[in-house]
Amino acid sequence: MGAYKYMQELYKKKQSDALRFLGRVRCWQYRQLSYIHRVSRPTRPDRARRLGYRAKQGYVIYRIRIRRGGRKRPVPKGNTSGKPVNAGINELKNQRSLQAVAEERVGRKCGELRVLNSYWVIQDSSYKFYEVILVDPALKSIRRDPKINWICNATMKHRENRGLTSASKKSRGMHKGHNFNKASGSSRRGNWKRRQLVQMRRKR
């Protein structure tokens, strides 16, 4: 096995002594830094490379801290002004994952870069830390690389805001497999609409 494979196997055992110690030290270090900051190299190079990162000009890594927890309904004094079925305040869950929120915040901070992907680094009781891979579409090293120059298209601007990154697609139900067959085709709504539609084809 190569070095990346060893790192991959190590991260599968998150309760091991080595990773628990690393996690404690890293969480303490990351908490001292600003909530979003650029890092010189990925903390998990094996994971970053699997998600498309390459150690060459044009690829950037940003680390972000996201506060853990559910989503409280933002209403004044707990008054939802509606039926009891919609009266919940506290035990609500966000429709999008914290990872998708992290990508969105980094993309807003780095407007001229394109979000490629992201991965989990470490977490403690209050925060989750993610590293987001970004690409600079203005550089020739990116524009001339046939493997990545698709991200230079104008339609790839702020893909993290439109549910096009991997983490965002999960909340849209757009992945492959039996868990995601409700959205095959276009989307959950498009899939449902197509199944309900009865087409009376006319003979001409």
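How many nonpolar, polar and charged residues does the lining of the largest pocket have, by class? The structure is a predicted model, in which local features need pLDDT of at least 70, side-chain atom pairs count only at pLDDT 80 or more, and totals for chains, interfaces and linings use all residues. Residues are numbered from 1 along each chain as its sequence is written, and side-chain values use heavy atoms, with hydrogens and water left out.

The lining of the largest pocket has five nonpolar, three polar and four charged residues. Here Ala, Val, Leu, Ile, Met, Phe, Trp, Tyr, Cys and Pro count as nonpolar, Asp, Glu, Lys and Arg as charged, and the others, Gly among them, as polar. A pocket is an open set of points on a 1 Å grid over the protein atoms alone, where a 1.4 Å probe fits, with protein on both sides within 12 Å along at least five of seven lines; lining residues have an atom within 4 Å of a point. Among the lining residues of the largest pocket are Tyr11, Arg24 and Trp120.

Tyr11 also takes part in another arrangement: the charged end of Arg44 sits over the ring of Tyr11, 4.0 Å from its centre. A charge sits over a ring if NZ of Lys or CZ of Arg is within 6 Å of the ring centre and within 35 degrees of the ring normal. Arg63 likewise lies over the face of Tyr30, at 3.9 Å from the ring centre.

Arg44 is also one of the residues that line the second largest pocket, as are Trp120 and Lys170. The lining of this second largest pocket divides into four nonpolar, four polar and three charged residues.
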